[in-house]
Amino acid sequence: MIIIMAVYWCTEVIPLAVTSLMPVVFFPLLGVLSSKSVCFQYLNDTSMLFVGGLIVAISVEHWNLHKRIALRVLLCLGAKPALLMLGFMVVTAFLSMWISNTATTAMMVPIVQAVLDQMDNTEYDMTMMEQATGQTNKVIELEEKNASDPTSAHAIGSGQDPDNARSEEKKKRKRICKGMTLCICYAASIGGTATLTGTAPNMVLKGQMNQLYPNNNDIVNFASWFGFSFPNMILMLVLAWLWLQCSFIGLNFKESWGCGAEKSDKEKAAYNVLKTEMKKLGPISYAEFNVLLMFISLVLLWFSRHPGFIKGWAAGLFPGGEKYITDSAPAMFIALLLFILPANKPKFTSWNASTSDPEQTKEDTKKPFLTAPLLEWNVVQKKMPWSVVLLLGGGFALADASAKSGLSVWLGRQMTPLGYIPPWATATVLSLTVAVFTECTSNVATATLFLPVFASMAASVKINPLYLMLPGTLSTSLAFMLPVATPPNAIAFSYGHIHVLDMVKAGIVMNIIGVFCVSVAINTWGRPMFGLDTFPAWANTTAIP
């Protein structure tokens with residue numbers, strides 16, 4: 001059954017979500033699991049966390065709060081080529097930590113396109129002015145030469161042809177366009193790794209840990225994942241920026257950074273585009289402020305629920321809170337508030353109606369006291385990726401069936417010889433394998449297929465399962481080489497600035513950078529955070545009936 005679903009997920013002969021529903025039919029028929037046990041996996045605690053986080057992300061998108069944040073940061077960083085690329089990558093990575101990578105890319109690429117178009121238009125205007133000025137100067141100089149020395153008239157114009165310079169400038173602009181476009185889709189994939197709800201494979205790991213190791217003491221939660229993955233994201237983002245800078249813009253610090261130099265016309269044009277887009281948004285609205293407040297509240301609730309080094313609010317305010325309250329509770333609490341809080345300030349005029357203007361009083365009386373909420377269900381219904389929710393559920397059902405049928409134990413026994421290989425080498429090889437596999441398969445499907453195998457492998461060689469599962473999960477987001485590898489790549493490719501070969505060349509090095517950063521993270525600060533040097537007691541609790 002797992003092989004059939006793996007083939008269907010890889011080839012997409014039917015939609016991924018439809019393939020994910022196959023366990024509901026076949027596991028009960030084959031006597032592997034009961035229908036009740038299978039269906040329970042499709043909307044468990046991890047799924048509710050995913051849905052709650054997405055609802056908050058949808059509200060941020062709905063009120064254009066993400067665009068305001070992006071433009072504000074870009075205006076602060078400036079319009080120098082190096083800083084502009086860095087600004088685009090920082091903003092994209094930050095936004096993709098909280099909203100979907102696809103939505104972030106779909107918003108950022110048009111902004112990049114507008115900036116690039118304005119820079120090209122300014123360059124064209126400058127070229128036309130230079131040509132006109134050059135022709136005028138040439139005529140004046142020719143007349144002077146003819147008056148003083150007629151034999152030197154033919155010597156004028158024998159200098160270098162400006163066509164070569166214009167050709168080089170055109171090639172440079174094309175390279176900048178490619179680099180600016182690629183940096184968006186790459187930063188979106190990198191940024192999604194930083195938070196537990198940033199991308200679906202992270203949620204697969206969370207669900208698989210709860211499914212395979214129910215007594216894991218909630219070792220993978222929002223705070224612990226952020227503490228591990230955020231530094232890794234920063235390292236990966238900086239190296240990616242340096243690589244793209246070197247490949248498409250060049251490391252000419254004087255030209256790229258221009259410290260202390262005056263802004264060129266192209267830089268002023270780029271800055272004016274960002275400023276114009278910011279003005280279109282107007283001042284921050286009441287709804288945007290409320291959504292921002294809800295977003296910040298959710299992040300604080302996630303971090304402070306069970307920080308680890310001190311007692312969190314779950315244990316401090318509620319008896320037995322650490323046992324009963326997980327990250328899904330604050331996510332759904334904030335999601336509920338978004339459907340309740342009004343989008344506009346409440347109207348109090350009907351309580352103090354003035355008789356001086358009867359028509360105005362009548363209109364005010366008809367207005368509702370509370371306006372529409374910050375978020376309505378029809379908006380959520382349109383933007384919620386329900387197929388991913390089903391895909392998560394199908395993966396959880398497979399993991400549960402593998403554990404209860406004895407398949408996990410059998411796989412573990414087959415992998416016992418791997419115990420002679422150093423754990424860091426095993427983790428690196430597995431990361432490379434997943435990074436290559438995810439180029440042609442859905443990230444979620446890749447995580448769903450590989451993580452149970454990695455868990456069995458870890459049990460067979462007696463190492464911490466997270467030592468293999470963490471890098472395996474992060475590697476599913478290293479889809480940089482092909483336009484079809486992930487939706488952000490496809491969106492960036494659709495604008496026509498880059499070719500498949502451009503993405504492959506840049507993506508190969510990006511994959512190497514990604515695996516290197518993951519290996520550094522898991523072998524340095526990841527060891528003390530998750531106790532990766534020891535085989536934990538909770539890893540022995542996978543019971544097989």
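**Helices and their neighbours**

Author: Let's start with a pair: helix 10 (residues 200-212) and helix 20 (residues 386-405) have axes that come within 10 Å and cross at roughly 30 degrees. Axes here are lines fitted to C-alpha atoms, for helices over the stretch in contact, and angles run from 0 to 180 degrees between N-to-C directions. Keep in mind that this is a predicted model: local features need pLDDT of at least 70, side-chain atom pairs count only at pLDDT 80 or more, and totals for chains, interfaces and linings use all residues. Residues are numbered from 1 along each chain as its sequence is written, and side-chain values use heavy atoms, with hydrogens and water left out.

Reader: Ok, so how are helix 10 and helix 20 oriented to each other, roughly parallel or roughly antiparallel?

Author: Helix 10 and helix 20 are roughly parallel. Angles under 35 degrees count as roughly parallel, over 145 as roughly antiparallel, 65 to 115 as roughly perpendicular and the rest as oblique. Helix 10 passes helix 20 in a right-handed crossing, meaning the near helix is turned clockwise from the far one by less than a right angle.

Reader: Which residues make the contact?

Author: From helix 10 there are Ala200, Met203, Val204, Gly207, Gln208, Gln211 and Leu212, and from helix 20 Val388, Leu392, Gly395, Phe396, Ala399, Asp400 and Ala403. Contact means heavy atoms within 4.5 Å. By class, this contact of helix 10 with helix 20 has 9 nonpolar, 4 polar and 1 charged residues. Ala, Val, Leu, Ile, Met, Phe, Trp, Tyr, Cys and Pro count as nonpolar, Asp, Glu, Lys and Arg as charged, and the others, Gly among them, as polar.

Reader: And what angle do helix 5 and helix 10 cross at?

Author: Roughly 155 degrees, with the axes of helix 5 (residues 45-62) and helix 10 coming within 9 Å. That makes helix 5 roughly antiparallel to helix 10. Their crossing is right-handed. Asp45, Thr46, Leu49 and Phe50 of helix 5 meet Ala200, Met203, Lys206, Gly207 and Asn210 of helix 10.

Reader: Zooming out, how many helices and strands does the protein have?

Author: There are 27 helices and 0 strands. Helices (H or I, at least four residues) and strands (E, at least two) are DSSP runs, numbered from the N terminus. The protein has 545 residues, and 49% of them count as buried. Buried means under 20% relative accessible area, exposed over 50%, partly exposed in between (1.4 Å probe, protein chains only).

Reader: New topic: is Thr181 buried or exposed?

Author: Thr181 is buried, at a relative accessible area of 2%, and its place is in helix 9 (residues 162-191). A polar atom of the Thr181 side chain lies 2.7 Å from the backbone oxygen of Cys177. Beyond its neighbours within four places in sequence, Thr181 is in contact with Ala492, His497 and Ile498.

Reader: And what does Asn511 touch?

Author: Not counting residues up to four places away in sequence, Asn511 touches Ala435, Glu439, Leu478, Phe480 and Met481. Asn511 is in helix 26 (residues 500-523), where Asn511 counts as buried at 8% relative accessibility.

Reader: Last one: where does Lys462 lie?

Author: Lys462 lies in the loop between helix 23 (443-461) and helix 24 (465-475). Phi of Lys462 is near 60 degrees, a positive value in a residue other than glycine. At 52% relative accessibility, Lys462 counts as exposed.

Note on methods:
A polar contact is a pair of N or O atoms within 3.5 Å; within protein, one must be able to donate a hydrogen and the other to accept it, and residues adjacent in sequence count only if both atoms are side-chain atoms.
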